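Student: I would like to go through this structure with you and ask, for each label, which value and which cut-off stand behind it.

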Amino acid sequence: MPSLALGAFWLGDAFIDPAAQSVRVGGQQARLSQRALQLLLALKASPGEVISRAHLREALGNGQPLSDGTLTHLMTELRHALGDDPQHGRYIETCPGQGYRLKETALASKGHGLVTGGGWRELATLGAELRSSRVIQVSAGFFIVAWLLLQVAAVVFPMLDLPAVAYKVVVLLLTLTLPILLYVTWARELRARRQQVRQGVTPEIKRTLRRRSGAEAGAILLLSLAALGIGAHVFYGLNQPEAAPSPRIAVPAHSVAVLPFVKRTDVALPNYFVEGIQGDLITSLSATGQLKVASMRATQDVSTSASLSALRERLRVRYVIEGAVSRQGEALLVQVHISSTEDGYQNWQQSFTGRDDELLELAQRLSRQLWLAMGILLPELDQSEPVLTYTRDVTAYDHYLQARALMRDTPTEGALQEAESLLLQALERDPEFAIASAALCEDYLRLYIKTKASEQFDAAQRACEHASDFPLNHLDALATLGQLQRLAGDLPGAERYYRQVLAEQPDHADALVGIAALAARRGDLVTAEHHYQRALAAEPGYWRHYHLYGVHLFGVGDYAEAAAQFRRVTLLQPAYGPAFNNLGGALLLEGDLDGAIEAWRQALEVAPTASTYSNLGSVYFFSGLFPEAVAMYDLALAMRPMDYTYHANRADALKRIPGEGGASQAGFREALALAAENERINPSDETLLVQMARYQAELGACDKSTIYQARAMASPSDDPYVYYDLALAQIPCGQPEDVMRFIRRALELGYPWALLDKDPQFEPYRAHIDRLQPTL
């Protein structure tokens, strides 16, 4: 019978510790029975050789052969602990009618094999044993959780205007918790080992257990001393007098923020009117170009209880305008004041009254008086320029305010369509209503992004070109046209629009984000990072730019940092479902399937979206639950019937359900037809072209598929998903060499091994892919 005193060793990705009778694979640890471990050691004694079942039953039977059923049970236990598939074993191969064989490639795959011996090998053994120790695993988990808590505190505490000492208290509590947690975990480990010794082990195993306990004691001592040292430093800092105030934040002299107006409970006005006051004032004050006015979106999530110093730090403004709407008898009362963020003084205050049917006149009077007040505070302003008059049509103005309210935050497709109708009515009444024209431009763009419908793209382009004719909308409309050109694949045209905007306003956030995205497309990640950071500085606190930055990081394969940005968005804007949805995608590609599913569950709680349903469908697909995947894709298509990727995903799942081949082919035909509509808008989109190549291949049109592949690869791509789709396109057309060539390239560019390993579409190529992994 093989001795259990054998030292720890690696078997592929599995770490085997005979002394502890444990197996650790991918961070998961499992215990083995004594006989299952003996079975593994018997196979390891002759790697690459077939060992008969009779020989194994004799060797493991302690003088009396095991039954055939017992041997089968032990092999099942061993395979389960290793995560080994009986049909396609990575470690142990079943040889029908002969026995079992431990694959030599399993021992060689990580270059480890046995890790016992003297000198450096002894250190390697000790290091490997420590990595499997519960104490070290708990330490690693604690540091990850502590880091996440500190990141959350760093974002949330400034938002709540908490003093710096609060952050230090959190650090102190965490450092004091670590030693206690380690000692409790170690005590449990020692109890388990004493029980193991009482059950009877060899002297060598006893020495191994003592050596491991000593190493753990040393690690605990070092970690505890480090934690207590940090705790002492923080405690000493808590008892020191506050440091001198940091230098004042440099902000532009001519800068102002208009905060959302407060509506008292006795006011029966629609919410959209009170919300509209803020947007109107921002537009009118910024119209002359003499004032730097914080955008409405940058102030959306500012706490009404935030101090002036916190507003100065977050918004980078010198003055803050605040107001409230209430009743004074039968009349409306609007009270407005301007405060300085430098010294905290209130510099100007005035009240305005008017009837309910004088809302438009009241808003315009408020704009004129605020412009005059800013002239008093900043005498160098040229006040000869007239204050903006939006429209003289009260009904058009009301339609516009209702539309803007519908477009706030994260509107649904239905809300955007309702806003479109209201804006068209407003412009029909007053064709010169400039800000309504700009809102329509933005509305159509959002509709196209949501629906991918080509008619929405055409409508957006017409609306934005019309909006750019008005001086007031000029820069925002040009930036939107730049985004449309980027979506259409006209990258030089997009850059011309963005550069034109930045030449007139260097800190225009949307243009900076557009330039960053173009730089990323060219592979110039340094320039992309620079412009994303400039955009974040231009509108500090605006959550949507953090989300776009996270999408960029996701696109370049930095999933961990992308997840951090998406988490930040979920804190700043908890009602923004796409942030939870994208967080799930980043966590999935990091290998955290449970975290991804939880993020998508939260996304559905915020608001069900097609993208979230599709992502859950993909999880079911990779898990082999194809009917469940179809159900999720059906929900996605019910919300976005024009999205060709959802049709293709559904067809993929149907293809693997018996009797659904015809429905699968119909799905691919629908996906191809919808993709062809988008090809008209952007005929050079490599992602679209490789997907069309795949749909043609699934429909048996291999010659057409080859043409689309050639178009997609006209210039080399650094996108791993392009090569993944190209590999899929080869499977129906019978090109196994090309399948493996494209898969290799996708993996080299960062396509996740974990996803590929679960992908049922590459099941026929599993053995080839397993051989490919050690070479990368």
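This is a predicted model: local features need pLDDT of at least 70, side-chain atom pairs count only at pLDDT 80 or more; totals for chains, interfaces and linings use all residues.

Student: How many helices and strands does the protein have, and what makes a run of residues count as one?

Tutor: The protein has 34 helices and 13 strands, where helices (H or I, at least four residues) and strands (E, at least two) are DSSP runs numbered from the N terminus.

Student: Why are α24 and α25 called roughly antiparallel?

Tutor: Helix α24 (residues 593–606) and helix α25 (residues 610–622) pack at an angle of about 150 degrees, with their axes 10 Å apart. Axes are lines fitted to C-alpha atoms, for helices over the stretch in contact, and angles run from 0 to 180 degrees between N-to-C directions. Angles under 35 degrees count as roughly parallel, over 145 as roughly antiparallel, 65 to 115 as roughly perpendicular and the rest as oblique, and α24 and α25 are therefore roughly antiparallel to each other.

Student: Which residues of α24 and α25 meet, and how do they divide by class?

Tutor: With contact meaning heavy atoms within 4.5 Å, Leu-593, Ile-597, Trp-600, Ala-603 and Leu-604 in α24 meet Thr-612, Tyr-613, Asn-615, Leu-616 and Val-619 in α25. By class, this contact of α24 with α25 has 8 nonpolar, 2 polar and no charged residues, given that Ala, Val, Leu, Ile, Met, Phe, Trp, Tyr, Cys and Pro count as nonpolar, Asp, Glu, Lys and Arg as charged, and the others, Gly among them, as polar.

Student: What makes α19 and α21 roughly parallel?

Tutor: Helix α19 (residues 509–521) and helix α21 (residues 543–555) pack at an angle of about 0 degrees, with their axes 11 Å apart, and are therefore roughly parallel to each other. In their contact, Ala-509, Asp-510, Val-513 and Ala-520 in α19 meet His-545, Leu-548 and His-552 in α21, and these residues divide into 4 nonpolar, 2 polar and 1 charged.

Student: How do you know that His-399 is buried?

Tutor: His-399, in helix α13 (residues 394–407), has 13% relative accessibility and so counts as buried, the cut-offs being under 20% relative accessible area for buried, over 50% for exposed, and in between for partly exposed (1.4 Å probe, protein chains only). Not counting residues up to four places away in sequence, His-399 touches Leu-422, Gln-425, Ala-426 and Arg-429.

Student: Why does His-647 have the label buried?

Tutor: His-647, in helix α27 (residues 644–655), has a relative accessible area of 15% and is therefore buried. Leaving aside neighbours within four places in sequence, His-647 is in contact with Leu-637, Pro-641, Gly-667, Glu-670, Ala-671 and Leu-674; the C-alpha atoms of His-647 and Glu-670, 23 residues apart along the chain, are separated by 6.9 Å.

Student: Is Arg-316 buried or partly exposed, and why?

Tutor: Arg-316 lies in the loop between α11 (308–315) and β11 (319–328), and at 34% relative accessibility Arg-316 counts as partly exposed. Phi of Arg-316 is near 55 degrees, a positive value in a residue other than glycine.

Technical notes:
Residues are numbered from 1 along each chain as its sequence is written. Side-chain values use heavy atoms; hydrogens and water are left out.
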